[in-house]
Amino acid sequence: MATPLVVSEVAKSFTMHLRDGIRLPVVANVTFSVKAGECVVLGGPSGVGKSSILKMLYGNYGVDEGQILMEHDGKLVNLATAEPRTVLDVRRATLGYVSQFLRVVPRVSALDIVAEPLQARGVAIEDARARAAELLSKLNLPTALWSLPPATFSGGEQQRVNIARGFITDHKILLLDEPTASLDAKNRAVVVEMIAEKKAKGTALIGIFHDEEVRDAVADRILDVSAFSPGKAAA
Amino acid sequence: MSAVPLLKVNDVSKFYGSRIGCRNVSFDLFPGEVLAIVGESGSGKTTLLSCLSTRLMPTSGIVEYHMRDGQYRDLARMGEAERRFLMRTDWGFVHQNPADGLRMTVSAGANVGERLMAIGDRHYGNIRAAASDWLERVEIGIDRIDDQPRAFSGGMRQRLQIARNLVTSPRLVFMDEPTGGLDVSVQARLLDLVRGLVHDLGLAAIIVTHDLAVARLLSHRMMVMKDGAVIEQGLTDRVLDDPREPYTQLLVSSILQV
């Protein structure tokens with residue numbers, strides 16, 4: 001099987017035009033790959049660029065240099081230069097993302113938020129909802145909340161909706177940005193188990209986990225992001 | 001993914017005398033794609049929208065539309081009758097002020113039914129059934145079908161305007177500040193409605209807005225305009241999360257956090 005994700009010599013900086021055009025280098029020469037069934041954890045201190053790397057992989061940060069190659073629909077796509085509609089198609093079918101915070105849409109129920117990615121892949125709404133319900137009960141989200149829009153949920157409840165939404169599809173690549181940050185021990189264990197299931201199914205996972213216990217339980221490899229700091233690349 | 005664009009825009013400029021309305025705008029819009037055009041007042045957003053929707057004739061440049069027969073047609077070279085037919089069947093136009101897009105002195109049902117009659121529907125029962133179906137979809141009570149939009153609130157009028165536009169199953173809808181002038185709770189309801197309809201019907205849409213939250217919620221792609229030119233464009237969350245141009249950074253950093 002082809003390697004699902006190859007990142008090659010990616011560099012990123014921000015130019016802050018509102019502050020006299022000051023240029024902030026974030027990362028340089030980011031090079032790694034993730035195999036099917038492997039979970040790579042991005043490590044290193046805060047501010048070293050872990051989240052920035054995940055956002056570049058998902059396409060919501062632009063990339064200055066380098067390539068992000070993913071196998072999508074039988075073809076190789078370079079996400080660093082892909083057209084917007086290609087990026088959206090990759091997200092629909094190949095690339096999943098569990099962000100730290102849920103972006104809530106007014107008036108859409110938790111169950112439908114979770115079911116939506118499956119629906120977008122052509123699954124009938126009843127089947128998608130049934131699968132969503134399975135995941136939400138696995139994550140111990142009280143049934144009474146399922147039909148409510150998550151705007152008023154607690155942080156941990158929103159996070160579980162987010163996790164269910166990210167895990168519901170069989171995307172080949174899954175990005176996890178601190179999915180367990182606001183969960184209690186019981187639900188953290190559920191997420192660890194869900195990650196193990198994804199690995200067994202051959203999903204390539206890239207994650208950020210500050211919780212050492214979770215990190216040790218899921219990581220096949222820890223990638224030290226400080227190795228990609230722009231100062232080192234220049235040296 | 002559909003391989004051919006629905007709308008091809010090539011180097012469109014519009015001058016008002018020596019003043020620039022918009023200049024050198026090029027892009028392709030694909031079926032099902034929602035494009036937001038953002039920028040401050042006077043940046044050329046509405047001029048561009050008018051040029052694309054044949055409400056204004058561009059000074060230069062070509063806008064081509066993929067007709068249902070599979071051919072591309074240059075909109076500027078279309079006859080008036082053909083253009084009108086396109087505008088009331090395959091296209092929709094949602095105005096900021098619903099009074100500009102509705103007939104205020106005929107009933108809500110007739111406002112929706114009129115577009116069906118324009119494409120040759122003559123059966124009163126069918127027209128009325130389609131009208132009540134659409135009123136329901138935009139959350140207007142069936143008991144209001146015989147009322148005139150004059151008696152409707154701003155939010156209801158806007159929803160009625162949307163129903164009127166969508167009843168003929170258009171493939172492309174233009175929207176000019178569809179939520180402007182509505183209070184936030186009414187706005188949220190309308191946004192959710194538009195989002196659902198666009199998704200369910202697979203509509204392509206071009207939405208002019210100065211509200212970045214609206215663009216974030218509804219659009220796949222974004223173009224930022226300043227002084228008549230497109231200064232930055234791309235995937236909506238890329239433009240909003242990682243704005244490159246000084247003006248886009250200013251726009252994004254000016255959003256009030258709640």
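These notebook entries record what I looked up in a predicted model.

**Ground rules.** I number residues from 1 along each chain as its sequence is written, letter chains from A and number ligands from 1 in the order in which they are written. Because the model is predicted, I kept to its limits: local features need pLDDT of at least 70, side-chain atom pairs count only at pLDDT 80 or more, and totals for chains, interfaces and linings use all residues.

**Sheet in chain B.** I began with an open sheet of 4 strands in chain B, ordered β2-β1-β4-β5 with antiparallel pairing; strands are DSSP runs of E, at least two residues, as helices are runs of H or I, at least four residues, both numbered from the N terminus, and two strands pair if DSSP finds at least two bridges between them. The edge strands, each pairing on one side only, are β2 (19-29) and β5 (72-74) of chain B. I then followed strand β1 (residues 7-16) of chain B, which is joined by 5 bridges to the antiparallel strand β4 (residues 60-66) of chain B, and I noted that B:Lys8 has B:Glu64 in β4(B) as its bridge partner.

**Two helix pairs in chain B.** I next looked at helix α4 (residues 108-118) and helix α5 (residues 124-137) of chain B, whose axes come within 9 Å and cross at roughly 120°; axes are lines fitted to C-alpha atoms, for helices over the stretch in contact, and angles run from 0 to 180 degrees between N-to-C directions. That angle makes α4(B) oblique to α5(B), since angles under 35 degrees count as roughly parallel, over 145 as roughly antiparallel, 65 to 115 as roughly perpendicular and the rest as oblique. Among the residues that meet here are B:Val112 and B:Leu116 in α4(B), and B:Ala131 and B:Trp134 in α5(B), where contact requires C-beta atoms, placed from the backbone, within 7 Å.

With helix α6 (residues 154-166) of chain B, α4(B) packs at an angle of about 25°, the axes being 7 Å apart, and the two are therefore roughly parallel to each other. On this side, B:Ala108, B:Asn111, B:Val112 and B:Arg115 in α4(B) meet B:Leu160, B:Ala163 and B:Arg164 in α6(B).

**A contact list in chain A.** Last, I looked up A:Ala164, which, leaving aside its neighbours within four places in sequence, is in contact with A:Val114, A:Ala132, A:Leu135, A:Leu136 and A:Leu139.

Conventions:
Two residues are in contact if their C-beta atoms, placed from the backbone, lie within 7 Å.
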